[in-house]
Amino acid sequence: MQLARIEQLLVGRAVPFTRPGSHSAIAKQPTAGPVAVGSEGLAGDEQGDRRVHGGVYKALHHYPFDHYHHWRAQLGHSPLLEQPGAFGENISTTGLGEADLCLGDVLRCGDVLLQVAQTRQPCWKLNDRFGVPDMALRVQQSGLTGWYYQVLEPGQLQAGQMLVLEQRPFPGWPLTRVMDVLYRRTLDRAELHALAELPLVPNWRKLVDRRLESNAVEDWNKRLQGLADA
């Protein structure tokens, strides 16, 4: 089943960012022609902090251009929202959102095979990028986070290719349900146990196990504001 057409592929270099010692490649730019994609993403793309960005479970970030309408209504005119790349995405499409994909979905795009590995957990760099102190929290609460792919089979990607759904092993877990557990029904033990039955990426496995063990939600301050854990 064809899901969407890649409208733009985007890459960025890591450069000094807003806070002392910080770096970011959030300012992605479109790239033309075929681009090699391997286990850690597109050729020419970088991440500013490899502790929390990049790696095999965050090889490619997909952010729907449809979401920009919401942010224009929220934020008013912003040059950042005139074209894809504002949210650090590698893949920009229209007509495909978090409700249309499930965790673990396998997508074919040309000779590349991708798997939906996780949704984005927004961080403070969005605050500084947009000049909005609670932008990361707004993205989290909106559910318009985008998602990450793991690359199962490398190859080449380019704008104009179609993303085709090949497998849906967990049809009961649309990304919207995943985010509901992560950010709203945070201590719903039945949902946490159900989520724990899935083959989660390591950081999510740790998150779910800790919530079940402690019956408490992890502190989000460091991620959302760049603050030390309380």
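## Basis

The model is predicted: local features need pLDDT of at least 70, side-chain atom pairs count only at pLDDT 80 or more, and totals for chains, interfaces and linings use all residues. Residues are numbered from 1 along each chain as its sequence is written, and side-chain values use heavy atoms, without hydrogens and water.

## Overall build

The chain holds 7 helices and 14 strands. Both are DSSP runs numbered from the N terminus (helices H or I, at least four residues; strands E, at least two). The radius of gyration is 17 Å, close to the 17 Å of the globule rule for 230 residues, so the chain is as compact as a globular protein of that length. That radius is taken over C-alpha atoms, and the rule is 2.2 Å times the number of residues to the power 0.38.

Of the 230 residues, 49% are buried. Buried means under 20% relative accessible area, exposed over 50%, partly exposed in between (1.4 Å probe, protein chains only). Among contacts (heavy atoms within 4.5 Å) between residues at least 6 apart in sequence, 73% join residues at least 24 apart.

## Helix α1

Helix α1 spans residues 67–75, and its buried residues are His-67, Tyr-68 and Trp-71. They lie on the same side of α1, because they cover an arc of only 95 degrees around the axis. The arc is that of the directions from the helix axis to the C-beta atoms.

Cover for these buried residues includes α3 (135–142). The face turned away carries exposed His-69 and Ala-73. Gly-76 follows α1, with a positive phi near 80 degrees.
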